[in-house]
Amino acid sequence: MTIFTKLLAGAALASLAFGQLSAATVDARAAEQKLDASVSSADQLAWLKDFSSAPNQVGSPHDKQNAETTLALFKSWGWDAHIETFQVLYPTPISTTLELITPQKVTLGGQEPPVAGDPTSAETQGALPPYVAYQGDGDVTAPVVYVNYGMPDDYEALARRGIDVKGKIVLARYGAGWRGLKPKLAQEHGAVGCLIYSDPANDGYAHWDSYPDGGGRPDHGVQRGSVQDMTTYPGDPLTPGIGATEGAKRLTRETAPTILKIPTLPISWADASKIIAGLQGPVVTGKDRGALGQAYHWGGTPAVTVHLAVQSDWSLKPLYDVIATLKGKTRPDEWVIRANHRDGWVFGAADPLTGHGAMLSEAKALGALARTGWRPDRTIVYASWDGEEPGLLGSTEWAETHADELQKKAVVYINTDNSVRGTLEAEASHDLQHFVNAAARDVTDPETGATVQERQRADILSSDYEGDGDKDAVKAAKAGGDLLVGPLGSGSDYSAFLQHLGIPSINLGFGGEDASGGSYHSVYDSYTHVTKFDDPGLVYGAALSKLVGRMVLRAADAEIGPARYADLATTVARYVTEVKKLADDQRTKDKTREELTAAGDFKLASNVLDPTGAPTAKQATPLIDFTALEKASDRLARSAGAADGVIAKADTLPPAVRANLDADLRGIDQAMLSPEGLPGRPWYRNMIYAPGTLTGYGAKTLPGVREAIEQRRFADAVAYVAKTAAALNAYADRLDMAVKDAAIKNGGTP
């Protein structure tokens with residue numbers, strides 16, 4: 001792993017016990033000031049307007065045009081740039097049909113209508129109709145069952161009511177979990193089709209006025225997206241583990257495990273309300289109902305029958321990744337990689353072009369620095385990915401194609417995606433936690449004048465006052481030092497780098513004050529929506545450029561590797577405590593469920609208006625021996641402390657010893673990988689971080705152990721206690737070796 005003591009942050013450098021600021025440090029500070037001066041919100045507004053002026057889905061003319069424009073910009077700023085092309089399976093709809101058959105025939109679905117004041121909302125000639133990628137084509141007519149969010153707990157609730165979705169079309173609302181899990185779980189429960197709608201409780205008038213009066217999703221707004229089973233593997237479904245180059249060996253569509261089997265469409269809440277209005281059965285109450293001004297019923301009877309049909313073009317489509325480099329002057333074979341995707345579902349203004357414009361600002365500024373004679377010590381690689389939206393296609397295919405080279409050369413991968421206004425949202429490999437904080441202390445929040453970190457701290461503490469703060473995050477915020485970063489799950493382009501190749505990664509963006517959720521993946525994710533509601537003036541776009549630009553500069557010119565291994569060790573210890581508590585709590589709940597069932601208490605408590613049975617019987621959670629994991633975590637803490645101690649005194653070491661220490665620690669995060677990968681999904685090899693099989697975007701930490709307990713695969717839990725402990729010990733071995741080697745080379749004893 002690779003982040004760095006000598007890059008630290010502005011004035012914070014003086015607090016080190018290493019003496020006065022060096023000339024190199026002064027030069028680094030001057031470079032950051034020049035970067036800040038070069039960043040322009042006006043540039044970003046112009047790029048946003050141009051890049052979002054026509055639909056940008058994979059295979060569209062404007063998607064290719066934007067790739068060529070990006071390439072030309074990089075070249076004009078002095079970067080060595082090229083387009084790398086891949087051929088991927090990307091289904092596009094030929095026809096979509098949605099009809100309410102009973103109680104009366106009504107045609108539903110179709111393209112979203114234009115809204116007043118948003119010119120691009122009427123420019124949909126090149127747009128695809130609302131759809132989800134990698135669903136299963138089909139033509140079905142069946143009764144409808146409302147399944148709330150369509151997550152595992154919802155199916156448990158349906159089972160307790162005696163409601164079966166087999167042979168039915170399910171209606172699920174967006175939220176609570178990744179969209180791809182909704183048709184996947186419906187399919188596993190025997191449903192023949194799936195509809196997913198955006199309830200105003202989640203991203204509409206329950207939060208904001210409806211667009212165009214406010215940023216909330218309007219009545220006919222539709223959230224597109226991918227339903228590819230990315231928790232098995234992301235990227236091209238036909239080429240798992242290898243790049244989707246022209247001559248690559250491919251699976252067939254029928255044998256590709258990440259393509260679903262049942263037809264699925266996203267719909268608006270206006271259409272969903274017409275379906276819900278006719279559903280019968282018990283009334284849906286409490287948190288299971290949304291905010292539509294009508295009663296919700298579970299349905300499942302012929303009272304509401306829907307005809308759903310989807311036919312797609314399943315041909316290969318080209319992807320255009322733009323790759324640009326500034327070659328390092330002293331360490332050209334060490335790469336700092338920074339990237340953002342470029343494709344959208346329609347216009348993609350907020351997602352992803354806000355982040356893409358920030359990245360272009362950094363590239364322009366770094367090009368201007370290079371024209372003054374500055375060159376980075378390490379090579380800087382900037383990437384504009386294509387095909388992120390359907391399944392992290394461009395980044396995954398590039399990473400798989402260049403896997404061996406990346407594992408030898410990549411120092412860090414820094415990712416952004418959509419970024420709007422509000423507080424910093426940071427997720428990262430935890431040995432990079434201090435690195436992220438150091439940069440956040442040096443960038444000004446444009447709304448408050450405080451630093452980005454100060455505002456983030458205030459937000460955490462305010463959440464604690466309101467009663468919804470994370471206790472660990474609050475504890476760190478109150479301590480006054482570094483703030484915690486979150487773990488990385490999935491949903492953006494860092495996945496192949498971190499979870500498949502073991503390259504330390506960071507994902508950054510601003511948010512929380514915007515209304516971009518109301519335009520997300522719709523026709524209304526437009527220049528007008530962004531500049532009116534999400535980040536007027538793109539002032540946070542400029543702040544993102546300054547934040548990430550600093551990280552790139554510091555990573556590229558840092559002399560020596562990782563500075564805060566103790567942050568990782570502390571985080572892992574917390575995760576070990578969590579999985580032990582998970583097993584204990586689940587065991588206690590199992591016992592309680594059995595006792596209440598045997599006593600008939602669930603039956604006695606059942607509501608006569610909404611009768612429910614006892615929860616489904618489950619295998620009892622056994623005692624699990626976590627000793628190996630606890631010992632490995634303790635050892636990691638000791639090894640991390642020793643390594644941090646050596647790095648803190650690195651300025652006292654001869655240059656050759658410092659260089660050797662950096663080399664010894666480079667690539668250390670690959671020790672977190674297990675060759676076998678995670679149970680049932682070997683593509684995911686990181687034993688510390690993975691997307692959850694039942695959360696999708698959400699991270700599961702110590703995933704082999706945690707998910708095995710949650711899903712009652714107790715033999716896997718025992719096996720992955722050992723595998724995860726082995727990964728932690730391998731990481732500690734690398735730390736110990738580096739400390740020992742530094743002592744010997746410095747003329748001492750290990």
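**Aromatic residues in a predicted chain**

Tyrosine 565 and tyrosine 731 are both buried. The model that shows them is a predicted one. The two tyrosines belong to separate helices: tyrosine 565 is in helix H18 (residues 565-599) and tyrosine 731 is in helix H23 (residues 714-745). They are 166 residues apart, and their pairing links distant parts of the chain. A pair of aromatic rings is described by the distance of the centres and the angle of the planes. For tyrosine 565 and tyrosine 731 these are 6.2 Å and 70°, an edge-to-face arrangement.

Searching the whole structure gives 19 aromatic pairs. One of the edge-to-face pairs is formed by tryptophan 683 and tyrosine 684, with 4.8 Å between the centres and 75° between the planes. Tryptophan 683 has a relative accessible area of 6%, so it counts as buried, the cut-off being under 20%. Tyrosine 684 is buried as well, because its relative accessibility is 1%. Elsewhere, ring pairs join Trp47, Phe74, Trp77, Trp79 and Tyr382 into a cluster.

Tyrosine 413 can be taken next. This residue is part of strand E14 (residues 410-416). Why does tyrosine 413 count as buried? Its relative accessible area is 0%, and the cut-off for a buried residue is under 20%. Leaving aside residues up to four places away in sequence, tyrosine 413 touches Ile337, Ala339, Trp385, Asp493, Tyr494, Phe497, Ile503, Pro504, Ser505 and Ile506. With one of these, tryptophan 385, there is a polar contact between side chains at 3.0 Å. Asparagine 507 is 94 residues from tyrosine 413 along the chain, and their C-alpha atoms are separated by 8.7 Å.

The chain as a whole has 23 helices and 18 strands. Its radius of gyration is 26 Å, close to the 27 Å given by the globule rule for 750 residues, so the chain is as compact as a globular protein of that length. Along the principal axes, the C-alpha atoms fill a box of roughly 85 × 60 × 55 Å. Of the 750 residues, 58% are buried. Among contacts between residues at least 6 apart in sequence, 79% join residues at least 24 apart. The accessible surface comes to about 26,900 Å², and carbon and sulfur atoms account for 54% of it.

Key
Residues are numbered from 1 along each chain as its sequence is written. This is a predicted model: local features need pLDDT of at least 70, side-chain atom pairs count only at pLDDT 80 or more; totals for chains, interfaces and linings use all residues. Side-chain values use heavy atoms; hydrogens and water are left out. Helices (H or I, at least four residues) and strands (E, at least two) are DSSP runs, numbered from the N terminus. Buried means under 20% relative accessible area, exposed over 50%, partly exposed in between (1.4 Å probe, protein chains only). Contact means heavy atoms within 4.5 Å. A polar contact is a pair of N or O atoms within 3.5 Å; within protein, one must be able to donate a hydrogen and the other to accept it, and residues adjacent in sequence count only if both atoms are side-chain atoms. Rings of Phe, Tyr and Trp (its six-membered ring) pair if their centres lie within 6.5 Å; planes under 30 degrees apart count as stacked, over 60 as edge-to-face and the rest as tilted. The radius of gyration is taken over C-alpha atoms; the globule rule is 2.2 Å times the number of residues to the power 0.38. Accessible areas come from the Shrake-Rupley method with a 1.4 Å probe; for residues, only the protein chains shown count as cover.
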